[in-house]
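Reader: Could you walk me through this model, one question at a time? I'd like the cut-offs spelled out as we go.

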Amino acid sequence: MVISRGSRQRVTMRPIPRTSQCFLRRRWSRRRVPAPAGLVNLPVRRRLFVGREDALGWLDSVARDPGVVVVQAVHGLGGIGKSTLVAQWAATHRDDYRPIWWITADSPAALDAGLVALTVALRPGLGAVLPSSALQEWAVRWLGCHDGWLLILDNVTDPGHITDLLARLPHGRILVTSRRATGWPDIVTPLRLDVLEPQQAVDLLTGIVSRADAVIDPADAAGVCAELGYLPLAVEQAGAYLAETGVTAGDYLRLLAQHPADMYRDGGEGRASERTVARVWQVTLDALADDPLPGRLLRALAWYAPEVIPRSLWQHTGDGHEEPAVVRAIGRLAAYNMLTVDPTSRAVTVHRLVQAVARTPDPDDAHRQPDDITTARTTATTALITALPDDWRDPGTWPAWRALIPHIDTLASHTRAPTTDSDRVALAHLLNPAGMFLRDQGNLPQAIAYLKQALTDFWRVLGNDHPATLTSVNNLASAYESAGNLRQAIPLYEQTLTDRRRVLGNNHPDTLASMNNLAGAYESAGNLRQAIPLYEQTLTDRRRVLGNNHPATLTSVNNLASAYESAGNLRQAIPLYEQTLTDRRRVLGNNHPATFTSVNNLASAYQSAGNLRQAIPLYEQTLTDRRRVLGNNHPATFTSVNNLASAYQSAGNLRQAIPLFEQALTGCRRVLGDEHPQTRFVYANLRAAMEDSSSE
């Protein structure tokens, strides 16, 4: 896939005054967005819940002071039942809070994804138009403006991950579950949750078995629970196995005894639960050995994030099996509590302890052979690549991208040292488009990290001259340019152009794209002496190779006009802009984003020529069209708001200009962040307008 720099869009820029400050006023419209009645996303409530009276009483006895956020953390061993306890308590208090929102918060990415989901639940229409960072911020601000809600942050791995969130919420109630016993801020009241009492564990096990119309002797049940360490997750899994297979408790204990307890000697915190779950996992997979597909699926799903795995992803992990077989295998795993399936969305959640075991090779375990684990990682990577949307620039694909990014993050973190060249190339093919999506969403640090890793792997496996490597160099350069780092971007663009000319030839479309991109970087650096001849050459070559009406050719006409305008040569710039607009309307249509760019750029040229009577109507038209087609929160829409404000300012109409600058700045900060170059441009323009206003 060739990533070419698109049409350059004119952003009107004013000099930054050296001594001026302004304070922006923000309107908190989120107060007018109430939580819908019954907005609860608790996990499926277990029909069997035993014991925990003291812990439930502790949750009930919290003091309620108006205007103070109440934060309680339930911590303890993995699999101890922290999540079950909190879900049980919340379900019995669902009428006391509005909304009740559950977030799997085992990483910053997962916490962000949960806040994004809350925004979409409160305002469904925002999901298709806002990037992830803006949706996350919207949720935090909504919580900060409302009371009466209950937020559950499940499986927090580091108290520092939620410290900033807690500091921004002045009221409401938050319940946290975590394995961590220490490091909590003073605002958090902790409770350590221990294993079940022996009789409670027996009651849980016998209750699960009896639901399947089976019977287990209490003494045998006590032996099983003792072997499992009274850990609720292990007891539940054992009960599911006994109920489904019909084996006796003695046979179950004998099967467990066949697996050595090597891990018990380590004694590290959190390892006991993993050891127990590992043994139950192995026994359960033995019962499914008549079909190898469930085991393959579980090993593949283990490489993803523990939060919801969408059907669009897990259905591709069947390694060539037809969809009915994959669905049946998922159902069998769910029957043994190895995973859960949301009955509505069919999204899958795998417990993180099960995942940790399933990712760990064990030559003594038939279900975790080293080669099988490697195959599972490859399958997980391929499935993610298959599930990726086609075009990260299309706002319609953003919800799908947001659902997949946490799983890409997790897979990448677990694949820091791929063992084979094919694994490295596959991961690079995944990280490259993900990096470009993150770049366009304004998440430049993560985008650059992804693109650097992809380039490293392409270089190592495919060599410097492979087309995928050359595209990867180009993409990393584009991310550096987006971040305003032209010192790193330009040498990479120059390297790519040299290599593409040598490998692909002067007339290859990728070579022409590199010429265009390098010229754009030169223009961004103010080096018009190099930019203009390169743009002119690119336009000539694209007309000869691609034809006059090719979209890339029209992009070259637009970009050359932009360079002429930057050089103050409006006599050449304006006719080219007018030609590009006419051609784009004919070739792409009136509603294509590139056509909007041409209208915007022509308006910019008219403004530069002092022709505000023609510039302002074009800016107004562009803003109207972009709001209609791209939405109010698209970065290009913010550009139109900024440029229209600049034209009003040039006309001496500061009463209309300043509110538009403020609107554009608020949007850029929300969507792109304070450090994004576009945000800084708009801020500079607002400062200049405020300076003009104060001098009147």
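**Salt bridges and beyond**

Author: Let's start with a charged pair: Asp 440 and Arg 439 form a salt bridge, their closest N and O atoms being 2.7 Å apart. A salt bridge here is a side-chain nitrogen of Lys or Arg within 4 Å of a carboxyl oxygen of Asp or Glu. Before going on, this is a predicted model, where local features need pLDDT of at least 70 and side-chain atom pairs count only at pLDDT 80 or more, while totals for chains, interfaces and linings use all residues. Residues are numbered from 1 along each chain as its sequence is written, and side-chain values use heavy atoms, with hydrogens and water left out.

Reader: Does Arg 439 count as buried or exposed?

Author: Buried means under 20% relative accessible area, exposed over 50%, and partly exposed in between (1.4 Å probe, protein chains only). Arg 439 is at 16% relative accessibility, so Arg 439 counts as buried.

Reader: What separates Arg 628 and Asp 625 along helix 26?

Author: The side chains of Arg 628 and Asp 625 meet in a salt bridge, 3.1 Å from N to O. Helices (H or I, at least four residues) and strands (E, at least two) are DSSP runs, numbered from the N terminus. Arg 628 and Asp 625 are three residues apart in helix 26 (residues 612-629), so the separation is about one helical turn.

Reader: And how many salt bridges does the structure hold?

Author: One of the pairs is Arg 192 with Asp 194, where the closest N and O atoms are 3.6 Å apart. There is also a network of salt bridges that links Glu 137, Arg 141 and Arg 168. For the structure, the count is 16.

Reader: Which residues does Leu 151 contact, leaving aside neighbours within four places in sequence?

Author: A nonpolar core is a set of buried Ala, Val, Leu, Ile, Met, Phe, Trp, Tyr and Cys residues joined through side-chain atoms within 4.5 Å. The largest one has 151 residues, and Leu 151 is among those that touch the most other members. With contact meaning heavy atoms within 4.5 Å, the list for Leu 151 is Trp 101, Ile 103, Leu 143, Leu 165, Arg 173, Ile 174 and Leu 175.

Reader: Where does the cis peptide bond next to Pro 99 sit, and what is its omega?

Author: Most peptide bonds are trans. Pro 99 is in the loop between helix 2 (82-92) and strand 2 (100-104). The cis bond joins Arg 98 and Pro 99, with omega about 0°.

Reader: What is the phi of Asn 155?

Author: Asn 155 lies in strand 3 (residues 150-156). At 8% relative accessibility, Asn 155 counts as buried. Its phi is positive, in a residue other than glycine, and near 60°.

Reader: How much space lies in the largest cavity?

Author: On a 1 Å grid over the protein atoms alone, a cavity is a set of points where a 1.4 Å probe fits but cannot get out, and lining residues have an atom within 4 Å of a point. Grid points are joined across faces, edges and corners, and a volume is the space filled by probe spheres set on the points. The structure holds one cavity of 30 Å³ or more, and the space in the largest cavity is about 100 Å³.

Reader: Which helices each supply at least two residues of that lining?

Author: The lining includes Leu 48, Thr 84, Leu 85, Pro 232 and Glu 236. The helices asked for are helix 2 and helix 8 (232-245).

Key: On a 1 Å grid over the protein atoms alone, a cavity is a set of points where a 1.4 Å probe fits but cannot get out, and a pocket is an open set with protein on both sides within 12 Å along at least five of seven lines; lining residues have an atom within 4 Å of a point.
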